[in-house]
Amino acid sequence: MIHSKKERISWVDLVKGFGIILVIYGHNLPFLENYIYTFHMPLFFFVSGLFHPKELNINNVKKRAKQILIPYFLWSFFLFIFWFFIGRKYGDSSTMGLSILKNFTGIFYAQGGHDYMNWGLPMWFFPAIFLTFVIFGFVRKLNKNSHQILAVLSLVSLGFLTSKTLKVHIIWSIDVALVALFFYALAFYLKDFLFNKKSKYETLLIFVLFLAHILCSLNIFDKVDMYRSIYGNIFFFLINASIGIGFWVLLFKKIRKINFLAFLGQNTIPILVLHIRSLTVIKLFLLVFLGYKTFNFNEIEKLVLVVVQLLIIYPVIIFVNKKTPILNGKIKTLETRS
(Lines give C-alpha, C1' and ligand atoms only; values in the text may rest on other atoms or scores of the structure.)
Protein backbone atom coordinates (compact mmCIF):
# COMPACT_ATOMS: atom_id res chain seq x y z
CA MET A 1 0.00 0.00 0.00
CA ILE A 2 1.35 3.43 -0.97
CA HIS A 3 1.80 6.08 1.68
CA SER A 4 -0.26 9.21 1.38
CA LYS A 5 1.30 12.33 -0.13
CA LYS A 6 1.63 13.90 3.32
CA GLU A 7 3.38 10.85 4.75
CA ARG A 8 5.76 10.64 1.83
CA ILE A 9 6.72 14.30 2.09
CA SER A 10 7.49 13.92 5.78
CA TRP A 11 10.39 11.52 5.44
CA VAL A 12 11.61 12.66 2.00
CA ASP A 13 11.97 16.22 3.30
CA LEU A 14 13.92 14.91 6.28
CA VAL A 15 16.36 13.21 3.92
CA LYS A 16 16.73 16.36 1.82
CA GLY A 17 17.11 18.53 4.94
CA PHE A 18 19.83 16.24 6.24
CA GLY A 19 21.50 16.29 2.84
CA ILE A 20 21.57 20.07 2.56
CA ILE A 21 23.13 20.34 6.03
CA LEU A 22 25.86 17.98 4.84
CA VAL A 23 26.39 20.22 1.79
CA ILE A 24 26.86 23.33 3.95
CA TYR A 25 29.00 21.56 6.52
CA GLY A 26 31.07 19.85 3.83
CA HIS A 27 31.86 23.18 2.17
CA ASN A 28 33.18 24.45 5.52
CA LEU A 29 36.04 21.91 5.16
CA PRO A 30 35.34 19.82 8.27
CA PHE A 31 37.18 16.79 9.60
CA LEU A 32 34.39 14.64 8.14
CA GLU A 33 34.74 16.12 4.66
CA ASN A 34 35.84 12.88 2.97
CA TYR A 35 33.00 10.95 4.62
CA ILE A 36 30.37 13.51 3.61
CA TYR A 37 31.51 13.63 -0.01
CA THR A 38 31.19 9.87 -0.44
CA PHE A 39 27.40 10.03 -0.54
CA HIS A 40 25.86 13.49 -0.01
CA MET A 41 25.49 14.44 -3.69
CA PRO A 42 24.46 10.91 -4.77
CA LEU A 43 21.77 11.24 -2.08
CA PHE A 44 20.17 14.18 -3.91
CA PHE A 45 20.18 12.36 -7.24
CA PHE A 46 18.62 9.37 -5.48
CA VAL A 47 15.81 11.45 -3.95
CA SER A 48 15.07 13.05 -7.31
CA GLY A 49 14.83 9.61 -8.91
CA LEU A 50 12.03 8.67 -6.51
CA PHE A 51 9.74 11.12 -8.31
CA HIS A 52 10.63 10.45 -11.92
CA PRO A 53 7.44 10.48 -14.01
CA LYS A 54 6.08 7.32 -15.62
CA GLU A 55 6.99 8.61 -19.06
CA LEU A 56 8.99 11.44 -20.59
CA ASN A 57 6.94 13.92 -22.57
CA ILE A 58 7.17 17.60 -23.45
CA ASN A 59 4.95 18.63 -20.53
CA ASN A 60 7.13 16.79 -18.01
CA VAL A 61 10.26 18.34 -19.49
CA LYS A 62 8.76 21.82 -19.31
CA LYS A 63 7.63 21.23 -15.74
CA ARG A 64 11.07 20.03 -14.64
CA ALA A 65 12.75 22.90 -16.47
CA LYS A 66 10.54 25.31 -14.57
CA GLN A 67 11.45 23.65 -11.28
CA ILE A 68 15.19 23.43 -11.94
CA LEU A 69 16.51 25.47 -14.87
CA ILE A 70 14.54 28.69 -14.36
CA PRO A 71 15.66 28.97 -10.71
CA TYR A 72 19.18 28.09 -11.83
CA PHE A 73 19.44 30.90 -14.37
CA LEU A 74 17.67 33.50 -12.23
CA TRP A 75 19.87 32.78 -9.22
CA SER A 76 23.01 32.52 -11.36
CA PHE A 77 22.51 35.99 -12.85
CA PHE A 78 21.94 37.35 -9.35
CA LEU A 79 25.08 35.67 -8.00
CA PHE A 80 27.13 36.87 -10.97
CA ILE A 81 26.02 40.47 -10.42
CA PHE A 82 26.90 40.21 -6.73
CA TRP A 83 30.29 38.75 -7.67
CA PHE A 84 30.91 41.41 -10.33
CA PHE A 85 30.33 44.34 -7.99
CA ILE A 86 31.52 42.88 -4.68
CA GLY A 87 32.67 39.26 -4.52
CA ARG A 88 35.59 39.38 -6.96
CA LYS A 89 37.15 42.35 -5.12
CA TYR A 90 37.66 40.61 -1.77
CA GLY A 91 39.23 37.49 -0.28
CA ASP A 92 40.85 34.83 -2.44
CA SER A 93 38.90 35.96 -5.51
CA SER A 94 40.77 39.28 -5.53
CA THR A 95 44.11 37.49 -6.03
CA MET A 96 43.05 35.05 -8.78
CA GLY A 97 42.99 37.41 -11.75
CA LEU A 98 39.65 36.04 -12.84
CA SER A 99 38.09 36.86 -16.20
CA ILE A 100 34.73 38.63 -16.09
CA LEU A 101 33.85 37.23 -19.53
CA LYS A 102 34.67 33.65 -18.52
CA ASN A 103 32.61 33.95 -15.36
CA PHE A 104 29.67 35.34 -17.33
CA THR A 105 30.06 32.46 -19.78
CA GLY A 106 30.06 30.13 -16.78
CA ILE A 107 26.39 30.91 -16.20
CA PHE A 108 25.62 28.96 -19.38
CA TYR A 109 28.57 26.56 -19.18
CA ALA A 110 27.82 25.54 -15.55
CA GLN A 111 31.29 24.01 -15.14
CA GLY A 112 34.95 25.03 -15.24
CA GLY A 113 35.88 25.60 -11.62
CA HIS A 114 36.75 29.03 -10.27
CA ASP A 115 37.79 30.27 -13.72
CA TYR A 116 34.17 30.11 -14.85
CA MET A 117 32.04 29.82 -11.70
CA ASN A 118 33.79 31.77 -8.98
CA TRP A 119 30.42 33.43 -8.41
CA GLY A 120 28.78 30.14 -7.39
CA LEU A 121 30.44 26.73 -7.72
CA PRO A 122 27.56 24.76 -6.09
CA MET A 123 25.26 25.84 -8.94
CA TRP A 124 26.67 23.06 -11.17
CA PHE A 125 24.19 20.67 -9.59
CA PHE A 126 21.04 22.12 -11.20
CA PRO A 127 21.84 21.55 -14.90
CA ALA A 128 23.41 18.18 -14.06
CA ILE A 129 20.32 16.83 -12.31
CA PHE A 130 18.11 18.14 -15.12
CA LEU A 131 20.23 16.20 -17.63
CA THR A 132 19.99 13.07 -15.49
CA PHE A 133 16.20 13.41 -15.52
CA VAL A 134 16.11 13.75 -19.33
CA ILE A 135 18.58 10.92 -19.97
CA PHE A 136 16.70 8.50 -17.72
CA GLY A 137 13.46 9.56 -19.42
CA PHE A 138 14.85 8.28 -22.72
CA VAL A 139 16.15 5.11 -21.04
CA ARG A 140 12.62 4.43 -19.78
CA LYS A 141 11.37 4.36 -23.36
CA LEU A 142 13.00 0.94 -23.70
CA ASN A 143 10.31 -1.72 -23.32
CA LYS A 144 11.93 -4.14 -20.89
CA ASN A 145 13.32 -3.32 -17.45
CA SER A 146 16.31 -5.55 -18.19
CA HIS A 147 17.10 -3.44 -21.25
CA GLN A 148 16.70 -0.27 -19.20
CA ILE A 149 19.08 -1.52 -16.52
CA LEU A 150 21.63 -2.53 -19.16
CA ALA A 151 21.35 0.92 -20.73
CA VAL A 152 21.80 2.61 -17.34
CA LEU A 153 24.91 0.57 -16.56
CA SER A 154 26.32 1.33 -20.03
CA LEU A 155 25.70 5.07 -19.65
CA VAL A 156 27.17 5.09 -16.13
CA SER A 157 30.27 3.33 -17.48
CA LEU A 158 30.46 5.95 -20.24
CA GLY A 159 30.31 8.66 -17.58
CA PHE A 160 33.23 7.16 -15.68
CA LEU A 161 35.19 6.56 -18.89
CA THR A 162 34.64 10.13 -20.04
CA SER A 163 35.87 11.56 -16.74
CA LYS A 164 38.97 9.36 -16.91
CA THR A 165 39.92 10.05 -20.52
CA LEU A 166 38.80 13.64 -21.13
CA LYS A 167 40.61 15.90 -18.72
CA VAL A 168 38.34 18.83 -19.49
CA HIS A 169 35.32 20.42 -17.86
CA ILE A 170 32.28 19.25 -19.82
CA ILE A 171 29.34 21.60 -20.25
CA TRP A 172 26.52 21.04 -17.75
CA SER A 173 28.59 18.24 -16.15
CA ILE A 174 27.29 15.72 -18.69
CA ASP A 175 29.75 13.08 -17.49
CA VAL A 176 28.62 13.58 -13.89
CA ALA A 177 24.97 13.36 -14.96
CA LEU A 178 25.72 9.98 -16.55
CA VAL A 179 27.40 8.68 -13.39
CA ALA A 180 24.56 10.04 -11.25
CA LEU A 181 22.16 8.01 -13.39
CA PHE A 182 23.14 5.02 -11.24
CA PHE A 183 21.63 6.54 -8.09
CA TYR A 184 18.72 8.18 -9.90
CA ALA A 185 17.69 4.90 -11.54
CA LEU A 186 18.29 2.94 -8.33
CA ALA A 187 15.73 5.12 -6.56
CA PHE A 188 13.21 4.76 -9.37
CA TYR A 189 13.35 0.96 -9.28
CA LEU A 190 13.22 0.90 -5.47
CA LYS A 191 10.47 3.48 -5.02
CA ASP A 192 7.63 0.96 -4.63
CA PHE A 193 9.57 -0.66 -1.79
CA LEU A 194 10.36 2.68 -0.16
CA PHE A 195 6.83 4.07 -0.51
CA ASN A 196 5.21 0.93 0.87
CA LYS A 197 4.42 0.51 4.54
CA LYS A 198 7.46 -0.48 6.52
CA SER A 199 8.45 -4.11 6.47
CA LYS A 200 8.88 -6.11 9.65
CA TYR A 201 12.49 -6.53 8.58
CA GLU A 202 13.09 -2.80 8.16
CA THR A 203 14.77 -2.34 11.55
CA LEU A 204 17.07 -5.27 10.88
CA LEU A 205 17.91 -3.87 7.46
CA ILE A 206 18.74 -0.48 8.99
CA PHE A 207 21.05 -2.17 11.48
CA VAL A 208 22.81 -4.18 8.75
CA LEU A 209 23.21 -1.09 6.58
CA PHE A 210 24.53 0.84 9.59
CA LEU A 211 27.25 -1.75 10.17
CA ALA A 212 28.11 -1.82 6.48
CA HIS A 213 28.14 1.99 6.36
CA ILE A 214 30.51 2.19 9.31
CA LEU A 215 32.78 -0.45 7.80
CA CYS A 216 32.89 1.33 4.43
CA SER A 217 33.38 4.73 6.04
CA LEU A 218 36.37 3.46 8.01
CA ASN A 219 37.95 2.37 4.73
CA ILE A 220 37.68 5.59 2.76
CA PHE A 221 41.02 5.92 1.04
CA ASP A 222 40.19 8.12 -1.91
CA LYS A 223 38.77 11.62 -2.14
CA VAL A 224 35.38 11.82 -3.85
CA ASP A 225 34.13 15.00 -5.53
CA MET A 226 31.40 14.56 -8.14
CA TYR A 227 31.65 18.15 -9.34
CA ARG A 228 35.26 17.56 -10.34
CA SER A 229 34.56 14.00 -11.56
CA ILE A 230 36.79 12.51 -8.85
CA TYR A 231 35.56 9.08 -7.71
CA GLY A 232 38.58 7.08 -6.58
CA ASN A 233 37.79 3.38 -6.92
CA ILE A 234 34.56 3.53 -8.92
CA PHE A 235 33.16 0.24 -7.60
CA PHE A 236 33.80 1.22 -4.01
CA PHE A 237 32.30 4.64 -4.70
CA LEU A 238 29.06 3.14 -6.06
CA ILE A 239 28.77 0.57 -3.27
CA ASN A 240 29.73 2.94 -0.46
CA ALA A 241 27.40 5.70 -1.65
CA SER A 242 24.51 3.24 -2.12
CA ILE A 243 24.96 1.82 1.38
CA GLY A 244 25.15 5.31 2.90
CA ILE A 245 22.04 6.40 1.03
CA GLY A 246 20.18 3.25 2.05
CA PHE A 247 21.01 3.67 5.71
CA TRP A 248 20.07 7.33 6.00
CA VAL A 249 16.94 7.03 3.86
CA LEU A 250 15.56 4.11 5.87
CA LEU A 251 16.54 5.76 9.15
CA PHE A 252 14.69 8.98 8.34
CA LYS A 253 11.79 6.98 6.94
CA LYS A 254 11.50 5.41 10.37
CA ILE A 255 11.90 8.71 12.27
CA ARG A 256 9.47 10.53 9.94
CA LYS A 257 9.21 13.85 11.82
CA ILE A 258 11.84 16.47 12.64
CA ASN A 259 10.31 19.85 11.90
CA PHE A 260 13.44 21.91 11.28
CA LEU A 261 14.87 19.26 8.95
CA ALA A 262 11.58 19.12 7.06
CA PHE A 263 11.69 22.91 6.63
CA LEU A 264 15.22 22.74 5.27
CA GLY A 265 14.22 19.89 2.97
CA GLN A 266 11.42 22.00 1.49
CA ASN A 267 13.83 24.86 0.77
CA THR A 268 16.97 23.22 -0.55
CA ILE A 269 17.22 25.45 -3.65
CA PRO A 270 17.77 28.83 -1.92
CA ILE A 271 19.94 27.15 0.71
CA LEU A 272 22.18 25.54 -1.90
CA VAL A 273 22.38 28.82 -3.80
CA LEU A 274 23.13 31.11 -0.84
CA HIS A 275 25.12 29.12 1.72
CA ILE A 276 28.51 30.14 0.29
CA ARG A 277 27.46 33.80 0.08
CA SER A 278 26.20 33.66 3.66
CA LEU A 279 29.67 32.47 4.69
CA THR A 280 31.07 35.52 2.86
CA VAL A 281 28.81 37.74 4.96
CA ILE A 282 30.04 36.06 8.15
CA LYS A 283 33.68 36.49 7.19
CA LEU A 284 33.09 40.13 6.28
CA PHE A 285 31.54 40.73 9.70
CA LEU A 286 34.47 39.01 11.44
CA LEU A 287 36.93 41.06 9.40
CA VAL A 288 35.31 44.47 9.84
CA PHE A 289 33.95 44.26 13.39
CA LEU A 290 36.19 41.72 15.14
CA GLY A 291 39.46 42.29 13.31
CA TYR A 292 39.97 38.75 12.01
CA LYS A 293 42.86 38.52 9.55
CA THR A 294 42.69 34.77 8.82
CA PHE A 295 39.83 32.30 9.05
CA ASN A 296 41.12 29.05 10.48
CA PHE A 297 37.99 27.71 12.17
CA ASN A 298 38.10 24.71 14.49
CA GLU A 299 35.58 21.86 14.23
CA ILE A 300 33.15 23.35 16.75
CA GLU A 301 33.27 26.70 14.98
CA LYS A 302 32.57 25.01 11.65
CA LEU A 303 29.40 23.50 13.12
CA VAL A 304 28.39 26.86 14.54
CA LEU A 305 28.98 28.38 11.12
CA VAL A 306 26.37 26.02 9.64
CA VAL A 307 23.78 27.29 12.11
CA VAL A 308 24.65 30.95 11.50
CA GLN A 309 24.61 30.44 7.73
CA LEU A 310 21.11 28.97 7.94
CA LEU A 311 19.94 31.82 10.18
CA ILE A 312 21.19 34.33 7.61
CA ILE A 313 19.43 32.51 4.78
CA TYR A 314 16.17 32.02 6.71
CA PRO A 315 14.62 35.47 6.03
CA VAL A 316 15.52 35.10 2.34
CA ILE A 317 13.64 31.79 2.25
CA ILE A 318 10.58 33.40 3.80
CA PHE A 319 10.70 36.28 1.32
CA VAL A 320 11.20 33.97 -1.67
CA ASN A 321 8.33 31.70 -0.69
CA LYS A 322 5.99 34.66 -0.26
CA LYS A 323 7.02 36.92 -3.13
CA THR A 324 9.02 34.96 -5.73
CA PRO A 325 8.31 31.22 -5.27
CA ILE A 326 9.77 30.47 -8.70
CA LEU A 327 13.20 30.97 -7.09
CA ASN A 328 12.40 27.95 -4.93
CA GLY A 329 11.32 25.91 -7.92
CA LYS A 330 7.86 25.40 -6.42
CA ILE A 331 9.60 22.55 -4.70
CA LYS A 332 6.47 21.00 -3.14
CA THR A 333 5.28 19.94 -6.58
CA LEU A 334 8.34 17.72 -6.78
CA GLU A 335 6.84 15.48 -4.14
CA THR A 336 3.84 14.46 -6.22
CA ARG A 337 4.28 11.08 -7.83
CA SER A 338 3.40 11.00 -11.52
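Reader: Does K223 count as buried, partly exposed or exposed?

Author: This is a predicted model, and the assignment rests on computed accessibility. Buried requires under 20% relative accessible area and exposed over 50%, with partly exposed in between. The value for K223 is 30%, so K223 counts as partly exposed.

Reader: Which parts of the chain does the salt bridge of E33 and K223 tie together, and how far apart are they in sequence?

Author: The side chains of E33 and K223 meet in a salt bridge, with N to O at 2.9 Å. E33 lies in helix α2 (residues 33-37), whereas K223 lies in the loop between α10 (202-217) and α11 (234-255). The pair therefore ties together parts whose separation in sequence is 190 residues.

Reader: In which helices do the partners K253 and E202 lie, and how many residues apart in sequence are the parts they tie together?

Author: A salt bridge joins the side chains of K253 and E202, at 3.1 Å from N to O. K253 lies in helix α11 and E202 in helix α10, so the parts tied together are 51 residues apart in sequence.

Reader: For the salt bridge of D225 with R228, which class of exposure does each residue fall into, buried or partly exposed?

Author: The closest N and O atoms of D225 and R228 are 2.8 Å apart. D225 has a relative accessibility of 8%, so D225 counts as buried. R228, at 42%, counts as partly exposed.

Reader: How many nonpolar, polar and charged residues make the contact of α13 with α14?

Author: Helix α13 (residues 268-290) and helix α14 (residues 299-323) pack at an angle of about 120°, with their axes 9 Å apart. Their crossing is right-handed. The residues in contact include I271, L274 and H275 of α13, and V308, Q309 and L310 of α14. By class, the contact has 13 nonpolar residues, 3 polar residues and no charged residues.

Reader: Which residues does L264 contact, leaving aside its neighbours within four places in sequence?

Author: L264 is placed in helix α12 (residues 259-265). Its relative accessible area is 7%, so L264 is buried. The C-alpha atom of L264 is separated by 20 Å from that of G246, 18 residues away along the chain. With those neighbours set aside, the residues in contact with L264 are G17, I20, I21, I271 and L310.

Reader: How many salt bridges does a search of the whole structure find?

Author: The pairs discussed above include E33 with K223 and K253 with E202. For the whole structure, the search finds a total of 4.

Key. Residues are numbered from 1 along each chain as its sequence is written. This is a predicted model: local features need pLDDT of at least 70, side-chain atom pairs count only at pLDDT 80 or more; totals for chains, interfaces and linings use all residues. Side-chain values use heavy atoms; hydrogens and water are left out. Axes are lines fitted to C-alpha atoms, for helices over the stretch in contact, and angles run from 0 to 180 degrees between N-to-C directions. Helices (H or I, at least four residues) and strands (E, at least two) are DSSP runs, numbered from the N terminus. A crossing is left-handed if the near helix is turned anticlockwise from the far one by less than a right angle, and right-handed if clockwise. Contact means heavy atoms within 4.5 Å. Ala, Val, Leu, Ile, Met, Phe, Trp, Tyr, Cys and Pro count as nonpolar, Asp, Glu, Lys and Arg as charged, and the others, Gly among them, as polar. Buried means under 20% relative accessible area, exposed over 50%, partly exposed in between (1.4 Å probe, protein chains only).
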